[in-house]
Amino acid sequence: MTAQIIDGKQVAADMRVELKEEVAKLKEKGIVPGLGVILVGEDPASKSYVTAKERACENIGIYSDNNRLSAETSQEELMALVEKMNKDPKINGILVQLLLPKGLNEAEVLLAIDPAKDVDGFHPVNVGKMVVGEKAFLPCTPHGVIQLLKRSGVTIEGAEVVIVGRSNIVGKPLANMLIQKKPNANATVTVCHTRTKDLTYHTKRADIVIAAAGRPNTVTADMLKEGVVVIDVGVNRIEDATKKKGYRLVGDVDFEAVKEKASFITPVPGGVGPMTITMLLYNTVESAKRAAGIEVD
Ligand code: NAP
């Protein structure tokens, strides 16, 4: 079997068209979704992530309030800016780009964000709501994974899902989202990690394998059954002298061999990656609708 490639760029582009249309309709009602963005310091990777997020907002008509603060910014100044955004009716979502420079208390800053504007879905109030199945902002990468499965026509309900990785930003929220008694969930989920005794025992019986380990070749073809659906969240740099930058990006899955066994597979890059920013835009639009008293799914 040769797998159908799940094109994350295309799914993300389709979703952004839908969001752009939705934003245009909201504007007709006088509602302009707004995202407050805070970047502290000069980290080049963080700068490029933030620029990509701001550009994505602009492209679909979301207002973005962009704040670049120096690495010398104090905790008090940062907290005051978050507080100002909490009170600002033009801001529906607040994004503090992590990691913060040394000396700043990340947990304190994230806790200070109004849960109603926590479009990253990391605030404990939103995490708790997600676990008990209440309406909440869902964290962007796991939510993006579910959208990829749903929009590829993969049946999640009743599926045996094995997640490799238990981080707070990917593995744990994804497991919680997939076990909900809701559409595009109702799966039977196993979460594996470095203390799992026999990873292959679990992956071999899975209908859907989601790799989020951050290590190349964590999932190889011999670990999977024929026809499995494979979602690769991993992003790893490996040295490659043929590339201008001296490296290339690979996922956690041995893509070339696994694609001959799977029914669906996501590539890296171009799979889960493009979905993350799209889901941030989705949450910001959802937040604007909630603030305006418009019913959301
Ligand atoms: P993380 O915090 O480092 O967590 C990795 C998890 O994988 C841990 O739970 C670890 O187990 C487990 N693990 C590592 N090696 C393993 C192995 N050989 N067998 C079984 N379990 C193993 O990473 P993360 O933040 O979740 O990110 C995971 C990957 O996704 C990274 O490559 C990251 O760059 C990528 N990512 C991509 C996006 C995107 O937008 N595409 C977003 C977020 C993350 P222990 O808990 O036992 O240590």
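User: What should I know about the numbering and the model first?
Analyst: Residues are numbered from 1 along each chain as its sequence is written, and side-chain values use heavy atoms, with hydrogens and water left out. It's a predicted model, so to speak: local features need pLDDT of at least 70, side-chain atom pairs count only at pLDDT 80 or more, and totals for chains, interfaces and linings use all residues.

User: Which domains does the protein chain have?
Analyst: The assignment gives domain 1 (30-114) and domain 2 (140-275); such bounds come from an automatic or database domain assignment. Their centres, taken over C-alpha atoms, are 29 Å apart.

User: What volume does the largest pocket have?
Analyst: About 1,800 Å³. A pocket here is an open set of points on a 1 Å grid over the protein atoms alone, where a 1.4 Å probe fits, with protein on both sides within 12 Å along at least five of seven lines; lining residues have an atom within 4 Å of a point. The volume is the space filled by probe spheres set on the points, which are joined across faces, edges and corners.

User: Which residues lie nearest its centre?
Analyst: Tyr49, Thr141, Val235, Gly273 and Thr276, out of 49 lining residues. Elements giving two or more residues to that lining include helix H2 (44-60), helix H6 (140-151) and helix H10 (273-291). Helices (H or I, at least four residues) and strands (E, at least two) are DSSP runs, numbered from the N terminus.

User: Which element gives the largest share?
Analyst: H2, with 6 residues. Each of domain 1 and domain 2 supplies at least three residues to the lining.

User: Switching topic: is Asp222 buried or exposed?
Analyst: Exposed, because its relative accessibility is 51%; the cut-offs are under 20% for buried, over 50% for exposed and partly exposed in between (1.4 Å probe, protein chains only). Asp222 lies in the loop between strand E7 (208-211) and strand E8 (229-232).

User: What does Asp222 contact?
Analyst: Leaving aside neighbours within four places in sequence, Asp222 is in contact (heavy atoms within 4.5 Å) with Thr200, Lys204 and Lys261. Lys261 is 39 residues away in sequence, at 9.3 Å C-alpha to C-alpha.

User: And where is Ile62?
Analyst: Ile62 is in the loop between H2 and strand E3 (63-69). Ile62 is buried because its relative accessible area is 4%. Beyond four places in sequence, Ile62 touches several residues, among them Val23, Leu35, Cys57 and Leu281.
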